[in-house]
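The sequence and the structure are shown first.

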4 protein chains.
Amino acid sequence: VPTTRLEAFSDGVLAIAITLLIIDVHVPEAHGNLGHQLGQEWPSFVSYVISFAIIGIIWVNHHALVQHVGAVDRTFLFLNLGLLLTVAWLPFPTAVLARYVRHGHDAKVAAALYGASMMTVGIAFIGLWSHLARTDTVRAPDFSAADARASRRRTFVGPIVYGLSVAVAFVSPVACLAIWAAIAVYFVVPLL
Amino acid sequence: VPTTRLEAFSDGVLAIAITLLIIDVHVPEAHGNLGHQLGQEWPSFVSYVISFAIIGIIWVNHHALVQHVGAVDRTFLFLNLGLLLTVAWLPFPTAVLARYVRHGHDAKVAAALYGASMMTVGIAFIGLWSHLARTDTVRAPDFSAADARASRRRTFVGPIVYGLSVAVAFVSPVACLAIWAAIAVYFVVPLL
Amino acid sequence: VPTTRLEAFSDGVLAIAITLLIIDVHVPEAHGNLGHQLGQEWPSFVSYVISFAIIGIIWVNHHALVQHVGAVDRTFLFLNLGLLLTVAWLPFPTAVLARYVRHGHDAKVAAALYGASMMTVGIAFIGLWSHLARTDTVRAPDFSAADARASRRRTFVGPIVYGLSVAVAFVSPVACLAIWAAIAVYFVVPLL
Amino acid sequence: VPTTRLEAFSDGVLAIAITLLIIDVHVPEAHGNLGHQLGQEWPSFVSYVISFAIIGIIWVNHHALVQHVGAVDRTFLFLNLGLLLTVAWLPFPTAVLARYVRHGHDAKVAAALYGASMMTVGIAFIGLWSHLARTDTVRAPDFSAADARASRRRTFVGPIVYGLSVAVAFVSPVACLAIWAAIAVYFVVPLL
């Protein structure tokens, strides 16, 4: 598989996952006071925005990764499918979070599921960078093993913070929302 | 990120958003008089056509924008993700509008939500043109800062008309449908 | 818009519309006799296969069309969006047909809707070929106006047969299924 | 149709089918004990992972096939559409399996449907390799008829094992899950 086809397929999956998020923002059923009902749906809107931002950042990071790949081997191929599996999964914890974030103990479970799901994305990225660090034939010529290890090191921030948010979830699910939004802002803002 | 990959990802999101619109056109549930029930569903059909036309026009305008980009920087990347966030959102207000356009006060809220959603798309476009006007390194060589400012100026028409339609919504939601259809026709007809 | 981007966006919409068809094949709800229930769902399966074949043939014909386009103008762009609007619509009449094909009078309405929807696809194709026949600047150099008119003439078969099937629908919806399957086979078999 | 457009369209359908799998993983409805309910949903999660892995492997194999195609003829085109029809179908048996795998006799029917669906994918692949073996004008210059026959022979493993799993389904649906997971692991693991 050439890099371009891998990239096209990955872009396809990421584009679909990011656009499917809106399917889980449900149209209010009951009639009478639509404005009030839309106000009640804020968890859906916040979840949509956070997950959209996170998948957008995943797409940017995925591109940065593929840029340093010279030749795709089958291990890379399946590690990449593993990453896509974790990203295509995200609409589910997003929908669970949107539904349960205001429901006591369930909110804690929903936030923990969301944090854990995000953590697996980060672990999949670490697997890809590790493979790049180990395998000379996969790296692009101008990208050293040391460069790949440096990228892997930076990638650890994600799964560690998301892992911590799993613990925070059992204390305060709303604090998790703040942490995830902060991570997204952390990635986006300094660049504006 | 090279322009081509940005364009491919954006095209993917736009193609999915435009095709997902049909998911919210629901098959009538009750048996007995399908013809009558389909007739009752005209708001779904009108909403489908208007939103399809609008996203189609967004796609054409997005291409016109990217054509003038020489090199994508990270600010452009995230402003573009912001635009995609507002477009991928559109199936939701479309479905809300289709459901509530015939229901008194709720129709006003639904139309206002729709108009406001369209306005955010326009604002995202203005942000992209502004960045292009400000940043010499992002513009294509044959596109001047003055050209970008001219494009930004023309873009203001959209959010202003959509913003006005938010106010109109609270008077007559059906008048909004007419305004939005008129904008779409305004963009499409002179070209035929 | 260059031909390649038009083709990529159209391919995206067609690929999504064809894959979304499966969403309307519903998992049986009640427990107890899954085999029997799946047997009862044959209209969903037949509709899925017919619509899949038809959209597949649309894709092949769309490629044959775009192959003869030298330069896309804005009229072509919007006529193409019109075609995509009619194709992205198809999952809806497919789902209506699957649900109502065994329900007396409703079956007639459902079959008529399906035939009429297919007819609009054919009309959109005729519009595109007509524009190609009229506009020298859009045709590829090796494709004459007479060639385009010949293609347009062949295209009339589709909307005429589908139009006739709308009339047949009010006599026998099942006969329509046979007609549509026959058209699909007519396009596919001689090529094997 | 040039190979690149065939590949782009096929990638699109495969990317959408693989990402749509998550739509059938449903958010638990009742409130009170989300953790327990998520635990009850393990069949959905297992089905998601197995089907994702299988479609991922299909994508890899499809690429290996197209790599050996020099010029697409219309027979290849329609055989390829046949393959896509069988793959785009997979979210349905996946959802049926997830719902019924723990329900006595229904579980057997669901597992048989899943195995039979996978078998049709394999048969579609055999059809494509056979056409490649028979048709000199379709094969790439560096790929002999004998090579194509060898590939076809290897492809038989899939439909045979899946066909056997249909029989196993009526004894033990859970054994089928193990067989399918084993096939997926068989394809992926030796490569790591």
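## Basis of the report

A residue counts as buried when its relative accessible area is under 20%, as exposed when it is over 50%, and as partly exposed in between, with a 1.4 Å probe and protein chains only. The model is predicted: local features need pLDDT of at least 70, side-chain atom pairs count only at pLDDT 80 or more, and totals for chains, interfaces and linings use all residues. Side-chain values use heavy atoms, with hydrogens and water left out; residues are numbered from 1 along each chain as its sequence is written, and chains are lettered from A and ligands numbered from 1 in the order in which they are written.

## Interface of chains B and C

In chain B, 36 residues are in contact (heavy atoms within 4.5 Å) with 31 residues of chain C. The size of an interface is often given as the accessible area lost when the parts come together. Between chain B and chain C the buried area (accessible area lost on being put together, 1.4 Å probe, summed over both parts) is about 3200 Å², and carbon and sulfur atoms give 76% of this area.

There are 3 salt bridges between chain B and chain C (a side-chain nitrogen of Lys or Arg within 4 Å of a carboxyl oxygen of Asp or Glu). One of them joins B:E29 to C:R99, with the closest N and O atoms 3.4 Å apart. On the side of chain B that touches chain C, two or more residues come from each of α1 (3-20), α2 (34-40), α3 (42-66) and α9 (173-188) of chain B; helices here are DSSP runs of H or I with at least four residues, numbered from the N terminus. The most residues on that side, 10, come from α3(B).

## Aromatic pairs

Over all chains, the whole structure holds 32 aromatic pairs. Rings of Phe, Tyr and Trp (its six-membered ring) pair if their centres lie within 6.5 Å; planes under 30 degrees apart count as stacked, over 60 as edge-to-face and the rest as tilted. A:W89 and D:Y48 form a tilted pair, 5.6 Å centre to centre and with 50 degrees between the planes. This pair joins two chains, because A:W89 lies in the loop between α4 (74-88) and α5 (91-100) of chain A and D:Y48 in helix α3 (residues 42-66) of chain D. A:W89 is buried because its relative accessibility is 14%; D:Y48, at 2%, is also buried.

B:W129 and B:F143 form another tilted pair, 6.2 Å centre to centre with 40 degrees between the planes, and both residues are buried. One aromatic cluster consists of A:F45, A:Y48, A:F52, B:W89 and B:F92.

Methods:
Buried area is the accessible area (1.4 Å probe) that two parts lose on being put together, summed over both.
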